[in-house]
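Open the model in your viewer and keep the selection panel at hand. The stops below follow one another.

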Amino acid sequence: MTKAYAAQSENSKLAPHAIERRELRSDDVAIDITYCGVCHTDIHYAENDWGGTIYPVVPGHEIIGKVTAVGDNVKGFSVGDTVGVGCMVDSCRECSSCEKGLEQYCLNGMVPTYNGEDLHDKSITYGGYSEKIVVSDRFVVRVSDKLDPAKAAPLLCAGITTYSPLRHFGVKKGHKVGVIGMGGLGHMGVKFAKAMGAEVTIFTRSEGKVSEAKKQGADHVVISTDEKQMEAVAETFDFLLDTVPVQHDLNPYINCLKVDGTHILVGLLEPVDPALQAGALVMKRRVLAGSLIGGLPETQEMLDFCAEHDIHCDVEMLDIQNINDAFVRMKKGDVKYRFVIDMDSLKQS
């Protein structure tokens, strides 16, 4: 049995809970979890905001740890390696998406790190708010010694969520990129776009975030509620990376794109409201796109990119006993920019 923290219902708080991890299969890697990032998705599942939560639920999909054992057929990992596990732990591995290393778009549905169903034994998957995890080697990534493991944990979700679309759409030197939102995703988007050579502008509703945006590396800051500032940047951007997770008016931002510009949604999963003025797309051949995390090859590429360019997530460390308070603070936006649980707090409890 393994120590963990779980929610037992949508109205309960996270509390200590014992779970059972499976015996190693031939392709499995056993991992002793040292750090786990805290994502807004964890709150949504714990509180059943999206429906479909299977209780008890053990959240956590930004996992860093040490390999403690490997299956007989595992060749890429050894005991003692520092490794990571992100938002998924399996897929069909046979469809056209999986064959391209795009497991997040598996045509038969990827298996999420928690609240999913194991494809072999049909057990429910439990996440990283726990001492240990066992994962197929295909869904484990290597973590460079150049990276601070605590600050690397959120890269497995917040990092890959922002890296993947910038990489896919070809952001490079000379491009102008706008990042909408200045939270856990937004600050990572700024770091990646800058490292790729782009000129980066942060769009924020808050005057108070101007200095922080500049500190994160933004070249410019636009207050999105200021009509004059928005008019001044009309038709100037090649890409907009939209990290806002709640409904917001896309129309003012779409008008900031050049001809052939692309607005990429990575935070919003709800219907677009207010309605999008399609003419703004049609008349300038603009694109409204979306992107979901990244496949395993790209996730490894992202971690290596971070090691090369000294990129990490800004984090606040947390003992797991304070996870419920952290959820409250996250709802208020009171964290810069990602909580990370030190799992020693669980193991010593």
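This is a predicted model: local features need pLDDT of at least 70, side-chain atom pairs count only at pLDDT 80 or more; totals for chains, interfaces and linings use all residues.

Colour 2-157 + 312-348 as domain 1 and 159-290 as domain 2. The contact draws 11 residues from domain 1 and 12 residues from domain 2.

One salt bridge is found across the boundary of domain 1 and domain 2. Now show the side chains of aspartate 314 and lysine 191: they form a salt bridge, 2.7 Å from N to O.

**Helix H4**

Select residues 158-168, helix H4. Is H4 largely enclosed or largely open? Nine of its 11 residues are buried, so the rest of the structure largely encloses H4. The buried residues are Ala158, Gly159, Ile160, Thr161, Thr162, Tyr163, Ser164, Pro165 and Leu166. Show what covers them: the list includes strand E10 (176-180), helix H5 (184-195), E13, E14, helix H10 (296-309) and strand E17 (338-342). Step just past H4 to glycine 170, where phi is positive, about 80°.

Move to strand E13 (residues 237-242) and strand E14 (residues 257-265). E13 and E14 run parallel and are joined by five bridges. Pick aspartate 242 and find its bridge partner in E14, leucine 265. E14 also pairs with E15, again in the parallel sense, over four bridges. Here threonine 262 sits opposite valine 287 of E15.

Next, select leucine 288, which belongs to strand E15 (residues 287-290). Leucine 288 is partly exposed, at 32% relative accessible area. Which residues does leucine 288 touch, leaving out those up to four places away in sequence? They are Leu250, His263, Leu265, Leu276 and Leu281. For a distance check, pick alanine 150 as well: leucine 288 and alanine 150 are 34 Å apart, C-alpha to C-alpha, and 138 residues apart in sequence.

**Backbone stops**

Go to tyrosine 55 and proline 56. The peptide bond between them is cis, with omega near 0°. Proline 56 lies in the loop between helix H1 (40-46) and strand E4 (63-70). Then try aspartate 273 and proline 274, where the peptide bond is also cis, with omega near 5°. Proline 274 is in the loop between E14 and helix H9 (278-282).

Two residues other than glycine come next. Arginine 93 has a positive phi, near 70°. Look for arginine 93 in the loop between strand E6 (88-90) and helix H2 (96-99). Arginine 93 is partly exposed at 26% relative accessibility. Isoleucine 293 has a positive phi of about 30°. Isoleucine 293 lies in the loop between E15 and H10. Is isoleucine 293 buried or exposed? At 7% relative accessibility, isoleucine 293 is buried.

**Cysteines**

Finish with the sulfurs. How many disulfides does the structure hold? There are zero. Select cysteine 95 and cysteine 98 to see why: the sulfur of cysteine 95 has its closest cysteine sulfur in cysteine 98, 3.7 Å away, too far for a bond. The cut-off for a disulfide is 2.5 Å. Cysteine 95 is buried, at 8% relative accessibility. Cysteine 256 is buried too, at 1%.

Technical notes: Residues are numbered from 1 along each chain as its sequence is written. Side-chain values use heavy atoms; hydrogens and water are left out. Buried means under 20% relative accessible area, exposed over 50%, partly exposed in between (1.4 Å probe, protein chains only). Contact means heavy atoms within 4.5 Å. Two strands pair if DSSP finds at least two bridges between them. Domain bounds come from an automatic or database domain assignment. A salt bridge is a side-chain nitrogen of Lys or Arg within 4 Å of a carboxyl oxygen of Asp or Glu.
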